[in-house]
Amino acid sequence: MRTVQYTNQVCLTFPSRSANEAFARSAAAAFAAQLDPTLDELGDVKTAVSEAVTNAIVHAYPDTLGKVELKLRLYPGNQLEIIVKDWGVGIPDVEQARTPLFTTGNQERSGMGFTIMESFMDTVKVRSVLGKGTTVTMRKRFALRAGGGA
């Protein structure tokens with residue numbers, strides 16, 4: 001099997017402070033702009049990144065400050081890959097965590113993060129190891145428009 005190489009990539013690493021969620025969302029939208037997305041498509045990217053980064057900030061490091069990595073890649077065919085990685089506590093049961101309304105956070109948390117990511121992205125994969133962290137990989141293909149795209 002031949003691996004498809006990405007055509008562009010950026011990687012950002014930042015502390016798990018809630019203020020950095022807005023930065024990550026904006027950075028992802030700016031990177032995705034290379035694909036000539038509609039405003040709705042940009043909104044999808046921003047929402048999915050917001051949910052993934054917020055999960056890392058809130059759940060991966062409940063009692064400490066940690067590191068979050070946002071990796072963005074463009075692939076041929078107008079496809080965007082978003083990877084959000086942390087080195088936090090990990091998810092004991094990924095399938096349970098992906099169940100709508102399930103949360104390990106306080107009552108202010110809706111438990112809809114993964115459901116929201118899945119509704120805005122074409123694919124969402126979650127890998128997690130207890131005590132070592134979680135990686136969320138999302139992909140979305142954008143419509144090709146005349147004169148635009150990568």
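This passage describes the fold of a predicted protein model.

The secondary structure comprises four helices and five strands. Along the sequence, these elements follow the pattern β-α-α-β-β-α-α-β-β. Of the 150 residues, 43% count as buried. The accessible surface comes to about 8,200 Å². Carbon and sulfur atoms contribute 52% of that surface. Among contacts with a separation of 6 or more, 67% link residues 24 or more positions apart.

The five strands form an open sheet in the order 1-2-3-5-4. Pairing within the sheet is antiparallel. Strand 1 and strand 4 (123-129) are the edge strands, each pairing on one side only. The twist averages 10° from one strand to the next. Strands of a sheet pair through backbone hydrogen bonds. Strand 4 is joined to strand 5 (residues 133-141) by seven bridges, and the two run antiparallel. Within this part of the sheet, valine 124 stands opposite methionine 138 of strand 5.

Two helices were examined against the sheet. Helix 1 lies across strand 1, strand 2 and strand 3. Its direction is at about 175° to strand 1. Helix 2 lies across strand 1, strand 2, strand 3 and strand 5. Helix 2 runs at about 15° to strand 3.

Helix 1 (residues 19-32) has a set of buried residues: Asn20, Glu21, Ala24, Ala27, Ala28, Ala29, Phe31 and Ala32. An α-helix has 3.6 residues a turn, so residues three or four places apart point the same way. The cover over the buried residues of helix 1 includes strand 1 (8-15), strand 2 (67-75) and strand 3 (79-86). Helix 2 (39-60) also contributes to this cover.

Key: Residues numbered from 1 in each chain as written. Predicted model: local features only at pLDDT ≥ 70, side-chain atom pairs only at ≥ 80, totals over all residues. Heavy atoms only, no water. Buried < 20%, exposed > 50% of the residue type's maximum accessible area, 1.4 Å probe, protein only. Contact = heavy atoms within 4.5 Å. Pairing = 2+ DSSP bridges. Axes fitted to C-alpha atoms, helices over the stretch in contact; angles between N-to-C directions. Areas by Shrake-Rupley, 256 points an atom, 1.4 Å probe, with all protein chains shown as cover.
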